[in-house]
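Here is a briefing on a protein model and its ligand.

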Amino acid sequence: MSVIEDRPALVGEAHLPAVLNDLLAHADADRADVLRARLAQELPLLRDRLSRLYSNTPDYAQWLNRVLVQTVQTALNRPADLWALDLQREANPNWHLQGMLGYCTYTDKFAGNLAGVRQRIPHLQELGVTYLHLLPFLKPGTPPNDGGFAVASYDEVDPKLGTLADLQQLTRELRAAGISLCSDFVLNHVSHEHAWAVQARAGSAQHQSFFHWVKSPEQIAAYEKNLVQIFPNTAPGNFTFVPEVNAWTWTTFYPYQWDLNYAQPIVFSEMAKSLLQLANHGVEAFRLDSTGFLWKRAGTNCMNQPEVHWLLQALRCLTNIAAPGTLLKAEAIMPTQDLPPYFGLGDTQGPECHVAYHSSLMSASWVALAEENTQLIQDVLFHTPALPEGCTWMTYVRCHDDIGWNVLRPELDARGPDQRSRLLHASQFFAGQVEGSYAQGAAFQASDTNAVHGTNGMAAALVGLKSAQTPEEQFAATSRLILLQSLSLFVGGLPLIYMGDELGQGNTSAAELAARQGPDGRELHRPVFDEALFAQRHESTTTAGVIYATLRAYVNAKKQHAALSAEHALRLVPCAHPSVLVLQRGEQALGVFNFSGTNVTVSLSAALPMHLQTPINVLTQQAANISACELAPYASVWLTAHGS
Ligand code: GLC
């Protein structure tokens, strides 16, 4: 489908500002040629988006020239291996859609520090990982710092984890192993210890203008009426009083995370500069943190404003000029209906992020498990749009955050006024508060047991692996975990495994939790990597071994069978059984997922085309019987038409 607006006509060299022409005239001729072509491609959109945002600010033209010079200079400084990688990826722009597998972890919990991560590369390779998301590793503010999401310096590595040289070495070794490093890029806010915040407190008017200020409780009340609360228990409200300034600054998250004011052009250009610098250190993907909150507008919920997309599109243009082999991933944990613009499908269309988290699919999968009913997953997939060329979903079972339930409200509201209670049921189910629940999670940020916010816990604890008393219960829990991973792997262009889930690792121990600083309940699913389980990964008699081997089999199948590629469209296949989800991938592949705890037999013949009537199970290579497809409790099968 062609949803991206036609690119404006190319501009020639003559249209570049004189400073750029000068810079390129003195640069390496080959690089200069490439850069002229990239500028010709990107400048029309870039100029449009930046002028929408900033053309009314003083000295706009000079600022724009500085941004362009800074970007081209970064491109000219790009290390030769990364420059070559860019050229390769420009020639194969869908490189990131081909058999990718992500892995997400905290550096310290996985391997101590960045140097330690290098030692873990063989493990990542064995699993088939091609994309490693290390949670924040830049220099954070003094703890508590939201697990590093309060950044004090974007140009330095957290000294506890290493140095810039360690980062460069790690990215080089990962690249050699076929793994792209993804770094968080915390765009929305900085630590109150960041130099800008320090100078703002010291009275610098310029630095104060980099943040948002509110002068009175009345103004706060007017804003709060429309705003959501991210941490209603531990950080209620969205504003924090700063005595030195005698005003409240905007803090969507914790009080020590000060939201940036992107109405100031220099905030955008400085953040873009740091991002491109990190790309030159070898970071190949950026997880653009909390993107939905970047622009504030009185009278709205200050989420997903049009300017957010102009900012992201401008950032994409700059990245396309200086580091085009780099992926941008939107961390926008929003209902499915709000996500298309992050792929550039909004009112102002244009290339934006390559990847976005499909958090609704993740949350709906957990609801499906609690209800043994796949209706909500089907609703979510039904509302999931086809994506523009070069874009894909990041699917996942768990991550370092809670499972947020409220992203599912639109799908539930569409089914009727009483449907939100299903979220309360799921939340209580995974907190182990419902009769018959096997889960050992905990509610997040809900002091009232009837309030629904999020759920914490490692996947293994939530599926009952840690409460299982008998081999049968153990088997059922293992099957549930594999079922969720199988769905994520089947649907995602870039599926992500959260550290420890490949081995069925459980929650952080009570003793360790007690020793950790801060009241953040999400620590429950941020354990230290379990070496003992890791040692069992090749033992087929252990649960860790079974989970690991099965995941690897699915990952390999996905790499080997072109029919399973997420480049082919996904279609919901009608199925009479409410617990069973049937998905058709392109013309040649099927995924069948049983979310119930009982054996189920379904007939799919009537709903499938001829060439899928006698498919082969990709893991066992056995022929499958589509007219009476038998599924064990929590089982899933991936099928492909013969030979594909
Ligand atoms: C993102 C992160 C989360 C963090 C928040 C504020 O949502 O995933 O862990 O608390 O941003 O930076």
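A polar contact is a pair of N or O atoms within 3.5 Å; within protein, one must be able to donate a hydrogen and the other to accept it, and residues adjacent in sequence count only if both atoms are side-chain atoms. The model is predicted: local features need pLDDT of at least 70, side-chain atom pairs count only at pLDDT 80 or more, and totals for chains, interfaces and linings use all residues. Residues are numbered from 1 along each chain as its sequence is written, and side-chain values use heavy atoms, with hydrogens and water left out.

**Ligand contacts**
- Asp289 places a polar side-chain atom 2.8 Å from an oxygen atom of the ligand.
- For Asp401, the distance from a polar side-chain atom to a ligand oxygen is 2.4 Å.
- Arg287 has a side-chain N or O atom 2.7 Å from an oxygen of the ligand.
- The protein buries 95% of the 310 Å² that the ligand exposes when taken alone (Shrake-Rupley method, 1.4 Å probe).

**Ligand shell**
- The ligand is surrounded by 13 residues, and Asp146 and His400 are among the closest (a heavy atom within 4 Å).
- The shell divides into 6 charged, 4 polar and 3 nonpolar residues (Asp, Glu, Lys and Arg count as charged, and Gly as polar).

**Domains**
- The chain is divided into domain 1 (195-259) and domain 2 (567-640), with bounds from an automatic or database assignment.
- Their centres, taken over C-alpha atoms, are 52 Å apart.
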